[in-house]
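Reader: I have just started learning to read protein structures. Could you walk me through one, feature by feature?

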Amino acid sequence: MTFTQRHLLGIEPLHPAEITALLDRADHYAEAQRRGDRHGDALAGLTQVNMFFEASTRTQASFEIAGKRLGADVMNMAMQASSLKKGETLIDTALTLNAMRPDLLVVRHPHSGAVNLLAEKVNCAVLNAGDGRHEHPTQALLDALTIRQAKGRLHRLTVAICGDIAHSRVARSNLILLGKMENRVRLVGPPTLMPAQVGELGVEVTDDMAEGLRDADVVMMLRLQRERMDGAFIPSEREYYHRFGLDAEKLRAAKPDAIVMHPGPMNRGVEIDGTLADDINRSVIQKQVEMGVAVRMAAMDLLARNLRERVNGV
């Protein structure tokens with residue numbers, strides 16, 4: 001099966017074979033970048049517009065670099081200073097953009113479902129760069145590529161996802177992807193940071209790190225947002241780190257060759273010990289950043305191919 005999607009709005013619509021096809025393409029770009037061959041023409045003649053209604057320096061920079069390396073004309077729109085401040089609706093923005101005829105639209109929005117709404121109103125390919133608590137598909141894909149490269153496979157692994165599950169679109173996208181690829185997933189964190197319907201997700205759930213990390217192949221820590229640290233969800237940062245922060249002692253419960261992941265930015269000494277985060281033998285956090293560019297190059301490449309086929313009536 002080839003990659004048949006018109007948009008990349010989430011992991012949920014993807015067939016496992018499409019996930020594999022995208023990761024294979026990303027592997028190609030990752031290898032090319034290692035050789036120093038950083039420029040291609042897959043997006044030559046196409047216009048990529050990055051619309052970030054939420055600030056995210058890392059993700060926006062990754063998409064911008066990916067587009068430029070493939071030859072796209074890349075434009076960043078500062079949405080916080082846009083006409084939305086004057087009362088323009090999301091649909092008005094979509095119609096205005098559509099009249100400009102972009103080819104690829106990368107969108108981050110604080111409200112779940114906003115990116116899907118935009119995709120219904122435009123003719124170009126839309127990529128979800130994170131919407132509310134819904135999904136963050138390219139983060140899950142770059143995590144998957146990092147795991148596959150480190151472990152040699154992306155199936156039948158035990159993956160512990162630890163921290164603020166309830167508010168994390170990263171956790172949601174990873175849960176869906178890892179489930180599609182037949183992995184065993186455990187959610188680890190305090191009950192106050194678990195989704196209300198966590199029992200319906202078909203995964204193991206625990207508030208004990210030793211139990212959650214036992215024999216894990218992958219330990220994926222999540223960022224604890226500052227607004228969760230005011231006492232409403234956790235008693236204190238110190239208490240959270242004591243019980244749920246990853247350090248060398250807690251990691252001993254996992255397999256000796258378990259890898260440590262974090263989507264960033266990290267709160268060192270809250271979610272993860274700084275020394276462990278920098279341990280090149282266990283941590284693949286910098287590798288995740290590197291794979292982010294490759295995955296976004298692959299996603300835009302495949303979507304652009306489908307876009308051109310539709311336009312040309314192939």
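Predicted model: local features only at pLDDT ≥ 70, side-chain atom pairs only at ≥ 80, totals over all residues.

Reader: Is Glu-182 buried or exposed?

Author: Residues over 50% relative accessible area are called exposed, and those under 20% buried. Glu-182 counts as exposed because its relative accessibility is 54%. Asp-215 has a relative accessible area of 46%, so Asp-215 is partly exposed.

Reader: Now the strands, please. How do I read a sheet, and in which order do the five strands of the open sheet run?

Author: The general idea is that strands of a sheet pair through backbone hydrogen bonds, either parallel or antiparallel. Here, five strands form an open sheet in the order 7-6-5-8-9, with parallel pairing. Strand 7 (204-206) and strand 9 (259-261) are at the edges; each has a single partner strand, so one side of each has no neighbour in the sheet. On average, neighbouring strands of this sheet are turned by 20° against each other, direction ignored.

Reader: How many bridges join strand 8 to strand 9?

Author: Strand 8 (residues 218-221) is joined to strand 9 by three bridges, and the two run parallel. Look for Val-219, whose bridge partner in strand 9 is Val-260. Then find helix 5 (residues 137-151), which packs on the sheet and touches strand 8 and strand 9. The direction of helix 5 makes about 165° with that of strand 9.

Reader: And strand 1: which strand does it pair with, and over how many bridges?

Author: Strand 1 pairs with strand 2 (residues 73-78) in the parallel sense, over six bridges. For example, Asn-50 has Asn-76 as its bridge partner in strand 2. Strand 1 (residues 47-52) is largely enclosed by the rest of the structure, because five of its six residues are buried.

Reader: Which residues does UniProt list for "binding site"?

Author: The unreviewed UniProt entry lists Arg-58, Thr-59, Arg-108, His-136, Gln-139, Gly-264 and Pro-265 under that heading. Arg-58, Thr-59, Arg-108, His-136, Gln-139, Gly-264 and Pro-265 are also part of the lining of the largest pocket.

Reader: Where are Arg-108 and His-136 found?

Author: Arg-108 is in strand 3 (residues 104-109), while His-136 is in the loop between strand 4 (125-131) and helix 5. Arg-108 is buried, with a relative accessible area of 7%. His-136 is buried too, at 4%.

Reader: What joins the side chains of His-136 and Arg-108?

Author: A polar contact of 3.0 Å joins them. Leaving aside neighbours within four places in sequence, Arg-108 also has contacts that include Glu-54, Thr-59 and Arg-169.

Technical notes: Residues numbered from 1 in each chain as written. Heavy atoms only, no water. Pairing = 2+ DSSP bridges. Helix = DSSP H or I, 4+ residues; strand = E, 2+ residues; numbered from the N terminus. Axes fitted to C-alpha atoms, helices over the stretch in contact; angles between N-to-C directions. Contact = heavy atoms within 4.5 Å. UniProt positions renumbered as here; feature names shortened; annotations may be inferred. 1 Å grid on protein atoms, 1.4 Å probe; cavity = no way out; pocket = protein on both sides within 12 Å on 5 of 7 lines; lining within 4 Å. Buried < 20%, exposed > 50% of the residue type's maximum accessible area, 1.4 Å probe, protein only. Polar contact = N/O pair within 3.5 Å; in protein donor to acceptor, adjacent residues only side chain to side chain.
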